[in-house]
Amino acid sequence: MRKKTSGSQEGRGGDSPSQLIDARIEELGDWRGEMLARLRGLIKQADPEAVEEWKWRGVPVWSHAGIVCTGETYKKAVKVTFAKGASLEDPSGLFNSSLEGNTRRAIDFHEGDRIDEKAFKALIRAAVVLNTSSASRRGKG
């Protein structure tokens, strides 16, 4: 049997990254788990080819030709960090965290926040386009 190599599997026994994310959502058991689950669904809708990974001892990561975004949970927020967010257009103004850096940008979602699904999925798609165009440039030369 071929071992799956689509992501780090730090954590419990041979659970896949998707199973580890499922477990995280369940163990949160509150609005943060619900928010993470909703965001995960939107990521999958925007990019059905996104690969789920589990990195850095417990951070859900979605990749497509590189990291698209991470989904970290804190006491008062669910933070979605876009690895190359500073290079993305954000016409809807979703980015509200990590704005000072040269590379990443993040969106902090708090209890009761409404998700602008159309704008969020547009950011996911833009991140994938950026990753795939960067990957194709690296392959040439």
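The largest cavity here has a volume of about 40 Å³. This is a predicted model: local features need pLDDT of at least 70, side-chain atom pairs count only at pLDDT 80 or more, and totals for chains, interfaces and linings use all residues. Residues are numbered from 1 along each chain as its sequence is written, and side-chain values use heavy atoms, with hydrogens and water left out.

Terms next. A cavity is a set of points, on a 1 Å grid over the protein atoms alone, where a 1.4 Å probe fits but cannot get out. Lining residues have an atom within 4 Å of a point. Points join across faces, edges and corners, and volume is the space filled by probe spheres set on them.

Searching the whole structure for cavities of 30 Å³ or more finds one. Its lining: Ile67, Val68, Lys84, Gly85, Leu88, Ala127, Leu130 and Asn131. Strand S3 and helix H3 (117-139) each give two or more of these residues. H3 has the largest share, three residues. Helices (H or I, at least four residues) and strands (E, at least two) are DSSP runs, numbered from the N terminus.

Now helix H1, residues 17-28. Its twelve residues should span 16 Å at 1.5 Å a residue, and the end C-alpha atoms are 17 Å apart, which agrees. The expected span is 1.5 Å times one less than the number of residues.

Which residues of H1 are buried? Pro17, Leu20, Ile21, Ala23, Arg24, Ile25 and Leu28. Buried means under 20% relative accessible area, with a 1.4 Å probe and protein chains only. Glycine 29 follows H1, with a positive phi near 60°.

Note on methods: Buried means under 20% relative accessible area, exposed over 50%, partly exposed in between (1.4 Å probe, protein chains only). On a 1 Å grid over the protein atoms alone, a cavity is a set of points where a 1.4 Å probe fits but cannot get out, and a pocket is an open set with protein on both sides within 12 Å along at least five of seven lines; lining residues have an atom within 4 Å of a point.
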